[in-house]
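Biologist: I would like to learn how to read a structural model in an orderly way. Where should we begin?

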Amino acid sequence: MKVSGWGRYPVIESKEISLSCSSLWKRDFIPKGNLRSYGDSALSEIHTDMLKHNKFLSFDEKSGILSIEAGVLLSEIIEVFLPKGWFLGVVPGTKFITIGGAIASDIHGKNHHKDGCFSNFVESFKLQISEDKIVDCSRNSHLDLFESTCGGMGLTGIIKEVSIRLHRVSSKNIVQQTFKCNNLKETFNAFEENSSATYSVAWIDCLQKKNKLGRSLVMTGEFCNDNNLKLDTKKKFTIPFYFPSFFLSKLTVKLFNFLYFNRVRKSENTNIVDFENFFFPLDSINHWNKIYGDKGFFQFQFILPKKNSYVGMRHVLEVLAENNAGSFLAVLKLYGKENNNLLSFPMNGYSLALDFKNNKENIKLVSSLTDYIIGIKGRVYLTKDSVMTYEQFNKSYKNIAKFKSLREKYNLNKTFVSLQSKRLLND
Amino acid sequence: MTRWLLIIGSNSDIGIACARFFASKGFNVFLASRNIELCRKISSDIAIRYSVQTDYGHIDLEDTNSHSVFISNLQFSPDVTLISAGLMYSQLEAENNFQIAKKMIYANYLGVLSFSELIVKTLIKNNKGTLIYIGSVAGDRGKKSNYIYGSTKSAIETYTQGLEHRLNHTNIEIILVKPGFVDTKMTIDLNLPKILTAMPGEVAVEIYSAFINKKKIVYIKPIWRYIMLIIKLIPKFIFNKTSL
């Protein structure tokens, strides 16, 4: 079957073999979830489909600890538990990812500055490292495998059964505050002034130049206390076909950005929005990735240490504006402390996420931006990557040697291999 | 009043999908299969997801002597009974090894027959209930690629026709489902054409809607009805030259 990540680039032929089938272990393969990572991290000639392992195992009402198989989607957990007043500790920009994928990417959300990564809410998991060996991983058991698997892009084994901690909420609604910021300085100030907000994120208009560079809407959010836990059943809109690739031109992006920015009239605005609109605005459109046309696109998300963030973001935005490479969605976010996981992306600082249409100029642009970012001690998010080079990766992630030797120690490097690991680790 | 769905062969992919879908519509679910540990897991999955009552028990369709005890132990009269247990070995294996053919006949037909006759007695007593059987498009016309498996399924079809006739004056409904290709454990090694292949979840939705709408025979992908019609209509002297 043909498989690709969410960016639809690259697309490869891959054979599915069931986890229960012993022929799976004869060659290298990669476990695959819902294919929502953007790049090539879940792509390999052979894969095993974890979506089929999706049972809820147990739930403890007192502690909020939920045990599930790794193929359960976050959307399923939300559907079952939000009406009962429980929510996930961390959610990314889409709810259509598996628990296994959330761990493998050690995902972060709009609350990273307060609550850290997804792994902070993971109590333990069972990790299958060979045909006949399954180990328990937690902060008290096989810590080395725990810290390399969280953020390990599926390269350290198969995450099977997971225990996570849910937390209490009393509403499905979010009190959202929107701050209209006219430039990058104002945007950064808004983040710092609102660092006590549980959730915060900014949408940046990348087409602005000079004194409007970094113009944005900064949005913060808190769960409401209105005791409304009844979920809506909304009809979804489906993008029916690949848009012609000229659809996303400078003009259309400019128009979109203009409308988006000017939709907010006051400089500060408070309203109550559904959690879906706040956390997962794009989930209401099925296959939104098709608007980039059939060649696909790639996402580019990088993070810079706080002390270099302002200067670095300024430079990147200037380059984007010069090249008219403004992306449809550019998301800026302040992050909290780095954790101990070997390949986790977040560090204390700011990150920017951009979409690029897949073409030669953009790949070149991203590559030179990557060099710049690495030069000022930043790094690129592996979950969204399909173009970083071996050299760039090895210069920017500091625990690679440790990660490699751990994979060798448990003999994982011969078994769990993806296109991404071939590119970045020379597997 | 809560209704109970009884699934025989609950660990098949179609069984799991139906258990979940019926539970999402408020049914309590009783899961029965040979693998009781897996039944327990599916049972707690459904209880957590849908906040309905679930229970489970051991049944082996091939062990026909155990069926009456199983049925007398049930604490309820099932509103819907789905028999989704089934085995499929390749034609080649079945041709060359009678034990394999026999196993399929036992699981797909003899076991179903034994269990079904007993559960029908319970349903007749209460004069209510729906029985759902899984047939196959392979039972529509025998062909060299799978006629041993196919014959067990056409036996089911003939059986359900007669049963329906017999129960005509009762409130008991009979549904025969002919899934066509389904993306399951049973078919993982076959390279199935996507357009003809249903996901277990789709099968469950169709089965539930057949139950609600009192349909008799269900093809999951409507296209299969036409494909099989054509296959049935091909004259023998041509048909026997094909490689179907």
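This is a predicted model: local features need pLDDT of at least 70, side-chain atom pairs count only at pLDDT 80 or more; totals for chains, interfaces and linings use all residues.

Biologist: Which residues touch the most other members of the largest nonpolar core?

Modeller: In soluble globular proteins, nonpolar side chains tend to be buried together. Here the largest nonpolar core has 110 residues, and Ile103(A) and Val162(A) are the ones that touch the most other members. Strand 18 of chain A, residues 297-305, supplies the largest share of this core, with six residues. There is also a second, separate core of 62 residues, whose members include Ile16(B), Val80(B), Ala138(B) and Ile220(B).

Biologist: In what order do the eight strands of the open sheet in chain A stand?

Modeller: The order is 16-12-14-13-19-20-18-21, with antiparallel pairing. Strand 16 (268-274) and strand 21 (379-380) of chain A stand at the edges; each has a single partner strand, so one side of each is without a neighbour in the sheet.

Biologist: How many bridges join strand 18 to strand 21 of chain A?

Modeller: Two bridges join these antiparallel strands of chain A. As for individual residues, Phe302(A) stands opposite Val380(A), which belongs to strand 21 of chain A.

Biologist: How should I judge the overall form of chain A?

Modeller: One compares the radius of gyration with the value for a compact globule. For 427 residues that value would be near 22 Å, and chain A has 21 Å, which agrees. The C-alpha trace of chain A spans about 60 × 50 × 45 Å along its principal axes. Chain A contains 12 helices and 21 strands, and 47% of its 427 residues count as buried. Contacts give a further view: among those in chain A between residues at least 6 apart in sequence, 75% join residues at least 24 apart.

Biologist: Is helix 8 of chain B buried or in the open?

Modeller: One counts the buried residues of the helix. In helix 8 of chain B, the number buried is zero out of 12 residues, so this helix lies largely in the open. Its length can be checked as well: at 1.5 Å a residue, helix 8 (residues 222-233) of chain B should span 16 Å, and its end C-alpha atoms are 17 Å apart, which agrees.

Biologist: Is Lys178(B) buried or exposed?

Modeller: Burial is judged from the number of surrounding C-beta atoms; 20 or more within 10 Å make a residue buried. Lys178(B) has 23 others within 10 Å and is therefore buried. Lys178(B) is found in strand 6 (residues 172-178) of chain B. Beyond four places in sequence, its contacts include Gly135(B), Val137(B), Tyr219(B) and Trp224(B). By contrast, Lys103(B) is partly exposed, with 16 other C-beta atoms within 10 Å. Lys103(B) lies in helix 5 (residues 98-126) of chain B. Lys103(B) and Glu62(B) are 41 residues apart in sequence, yet their C-alpha atoms are 7.9 Å apart in space.

Biologist: How many residues does each chain bring to the contact between chains A and B?

Modeller: Eight residues come from chain B and eight from chain A. On the side of chain B that touches chain A, there are three nonpolar, one polar and four charged residues. Phe56(A) is in strand 6 (residues 56-60) of chain A and is buried, with 23 other C-beta atoms within 10 Å.

Notes:
Residues are numbered from 1 along each chain as its sequence is written. Chains are lettered from A and ligands numbered from 1 in the order in which they are written. Helices (H or I, at least four residues) and strands (E, at least two) are DSSP runs, numbered from the N terminus. The radius of gyration is taken over C-alpha atoms; the globule rule is 2.2 Å times the number of residues to the power 0.38. Two residues are in contact if their C-beta atoms, placed from the backbone, lie within 7 Å. Ala, Val, Leu, Ile, Met, Phe, Trp, Tyr, Cys and Pro count as nonpolar, Asp, Glu, Lys and Arg as charged, and the others, Gly among them, as polar. The expected span of a helix is 1.5 Å times one less than its number of residues. A nonpolar core is a set of buried Ala, Val, Leu, Ile, Met, Phe, Trp, Tyr and Cys residues joined through C-beta atoms within 7 Å. Two strands pair if DSSP finds at least two bridges between them.
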